[in-house]
Amino acid sequence: MRKILFAVFIAAAMAGCSTTPTTETGAPIDDKSGAAASGATTGSASGDRITGVTTGSGAGSGVPAELRDPNSILSKRSVYFDFDSFVVREEFKPLVEAHAKYLQRNRNAKMTVQGNTDERGSREYNIALGQKRADAVKRMMVLLGATETQVETVSFGKEKPKNAGHDETSWAENRRDDILYAGE
Amino acid sequence: MPVKQRLLLAFLLLFAVLPARAQLTIEIVGGGGAALPLAVVPFESEATYPLGITGIVGADLQRSGLVRLVDTAGVNPRPYRAEDVQPAVWRARQADAVVVGSMRPAGDGRVEVRFALVDVVKQTLLTSMTYTVTPQQFRATAHRIADAIYEKLTGDPGIFSTRIAYITKQGPRYQLLVADADGADPQSVVTSNEPLLSPKWSPDGTRIAYVSFESRKPVVYVQSLSSGQRQAVANFRGSNSSPAWSPDSRRLAVTLTKDGGSQVYVMNADGSNVTRVLSSGGIDTEATFTPDGASLLFTSDRGGTPQIYRANLASGAVERITFEGSYNVSPRPFPDGKGLAFVRRDGGRFQIATLDYATKQVQVLTDGPGDESPSIAPNGKLIIYASAAGGRGILAAVSSDGRVKQRLVAPATEVREPAWGPLRRP
């Protein structure tokens with residue numbers, strides 16, 4: 001008998017802890033089809049069984065204390081956006097600049113900027129919108145000292161909301177870029 | 001439900017512990033005013049077998065909005081062959097047509113299932129078929145009978161033997177499931193603790209492409225349904241998403257951000273030969289092949305707001321398709337090539353709509369406020385989409401003329417991202 005391990009995902013934007021990856025293939029399950037009608041060709045049951053897969057997410061290993069010091073602006077990792085906007089607001093420029101300067105000082109450091117949207121609209125279009133938000137922060141970092149290869153931008157679209165509510169306050173919290181350094 | 005209980009029993013025998021599958025229940029919520037009154041008489045000896053074939057046949061046809069079932073109780077003797085149908089008896093019950101049939105052992109554990117569809121107004125035999133099947137094939141046979149009846153009555157292929165793929169979310173766990181078109185027999189394709197989205201059937205029905213966040217960024221996978229073997233076909237720097245199959249199942253259109261910004265590329269189904277096909281300074285995404293394979297419909301904000309465009313793959317010529325409103329996304333071409341279904345935002349409400357190329361008419365099919373991810377049935381007559389009810393994600397379906405509406409719900413589960421599978425060859 002096969003044992004299945006289910007990892008529980010802890011939704012902490014900053015901590016980014018994840019658990020042991022599990023990967024498993026589900027057992028083949030019969031699909032009942034392939035009836036033969038007189039005068040028609042006989043169906044085949046092969047090709048109708050479905051075999052499933054279970055995936056997991058990777059675990060991190062840790063980053064320098066400077067990036068985790070709660071008294072340092074470098075421990076602040078989120079930039080928030082207005083509705084339908086990709087413009088980095090003035091209030092977040094010091095944060096973006098601080099991270100850009102860190103990357104400039106530490107050429108081996110790499111980060112990912114994760115773009116997010118609120119829950120409204122097409123999932124795929126929101127992946128693209130979230131990407132635009134992540135790219136906006138990257139562009140600013142590169143202007144302020146980071147190199148292209150130090151910053152990857154990805155989008156979660158509306159798939160990983162920080163706030164599961166359905167009102168303007170919740171939506172505002174989800175229109176957001178998060179900065180994660182490699183190893184987190 | 002019997003099917004769910006059987007499935008759970010099978011899992012208890014094979015595995016240590018498994019949570020319950022998200023069994024979909026389909027509710028008809030509107031429409032069907034012009035439905036044909038049809039009587040489906042239980043087949044001879046049907047009661048001696050564990051699965052009620054005629055129950056499935058009747059449910060399929062009623063769910064399509066095509067028929068309204070007429071009560072068959074109290075008709076004695078029960079007809080099992082076309083020649084035993086007494087038209088006057090059924091006309092008295094307001095029926096226009098009657099389905100009769102029989103089931104008898106055919107040796108080797110197989111069963112011969114016969115049915116006939118009789119028009120009791122014109123008093124003619126419309127169609128009849130005989131199938132020799134194993135009991136494991138009873139459910140599929142019921143769907144084939146419903147398909148045959150549907151096709152005879154409408155001229156269109158039935159979709160009762162098709163399957164739908166969809167994504168569920170229960171707490172932190174996501175699954176990509178495939179179930180019969182009536183929601184029965186859900187089977188797991190992928191289980192993950194990171195989001196899954198955009199499942200897309202290959203037109204040959206053998207593989208599903210999807211987007212997975214298991215690597216903490218969107219990556220496009222192609223997975224074989226029979227073997228579970230899968231390949232990350234688009235895993236470039238940045239985000240990889242929005243897979244769509246070419247009609248010959250050999251290529252995929254995808255959205256990649258590897259060259260800066262969300263742009264559309266076409267690649268072989270194994271991820272090789274990646275070619276950029278569109279270019280804009282903003283967002284191009286949700287590319288989907290037209291049925292003739294010659295063009296891509298896609299979503300772009302190149303005009304300032306998200307709208308739908310069509311690009312000819314040979315010439316590269318791009319033309320805008322949607323002009324009403326400031327948000328038109330998620331193009332899905334109808335199989336007959338005459339138009340598309342899509343999502344529009346109107347006054348903050350997201351709704352499913354259709355556009356006819358010839359008349360340029362937009363027809364709004366749903367109310368919203370949060371309708372998205374339409375997928376068109378392979379006969380072009382029904383559109384399944386994601387919606388919400390009671391604060392929870394559900395699936396819903398609407399006929400392409402807006403007349404018939406259904407809801408598909410699963411208990412304690414968020415359901416989203418439906419994808420209707422292709423017609424299945426017998």
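Tutor: We may. In this predicted model, A:Val96, A:His99, A:Ala100 and A:Leu103 of α1(A) meet A:Val137, A:Met140 and A:Met141 of α2(A). By class, this contact holds six nonpolar residues, one polar residue and no charged residue.

Student: What makes A:His99 and the other residues named in α1(A) count as meeting α2(A)?

Tutor: The criterion is that C-beta atoms, placed from the backbone, lie within 7 Å. The residues listed for α1(A), A:His99 among them, meet residues of α2(A) in that sense.

Student: Why are α1(A) and α2(A) called oblique to each other?

Tutor: Helix α1 (residues 93-105) and helix α2 (residues 123-143) of chain A pack at about 55°, and their axes are 8 Å apart. Roughly parallel requires an angle under 35 degrees, and roughly perpendicular begins at 65. The pair is therefore oblique. As for handedness, α1(A) passes α2(A) in a right-handed crossing.

Student: How do you know which term describes α2(B) relative to α4(B)?

Tutor: The axes of α2(B) and helix α4 (residues 138-154) of chain B come within 8 Å and cross at roughly 45°. That angle makes α2(B) oblique to α4(B). This crossing, too, is right-handed.

Student: Which residues of α2(B) take part in the contact with α4(B)?

Tutor: B:Ile53, B:Ile56, B:Val57, B:Asp60 and B:Leu61 do so, and the residues they meet in α4(B) include B:Phe138, B:Ala142, B:Ile149 and B:Tyr150. The contact comprises ten nonpolar, two polar and two charged residues.

Student: Where does chain B divide into domains?

Tutor: Domain 1 spans 32-154 and domain 2 spans 163-420. The C-alpha centres of these two domains of chain B lie 36 Å apart.

Student: What makes β22 and β25 of chain B edge strands?

Tutor: The open sheet has four strands in the order β22-β23-β24-β25 (chain B), with antiparallel pairing. Strands β22 (328-333) and β25 (362-364) each pair on one side only, and they are the edges. Neighbouring strands of the sheet are turned by 30° on average, direction ignored.

Student: How do you know that β23 and β24 of chain B pair?

Tutor: Pairing needs at least two bridges. Strand β23 (residues 339-346) and strand β24 (residues 349-356) of chain B have eight, in the antiparallel sense. B:Arg344 stands opposite B:Gln351 in β24(B).

Key: Residues numbered from 1 in each chain as written. Chains lettered and ligands numbered in written order. Predicted model: local features only at pLDDT ≥ 70, side-chain atom pairs only at ≥ 80, totals over all residues. Domains from an automatic or database assignment. Axes fitted to C-alpha atoms, helices over the stretch in contact; angles between N-to-C directions. Helix = DSSP H or I, 4+ residues; strand = E, 2+ residues; numbered from the N terminus. Parallel < 35°, antiparallel > 145°, perpendicular 65-115°, else oblique. Left-handed = near helix turned anticlockwise from the far one by under 90°. Contact = placed C-beta atoms within 7 Å. Nonpolar A, V, L, I, M, F, W, Y, C, P; charged D, E, K, R; others polar.
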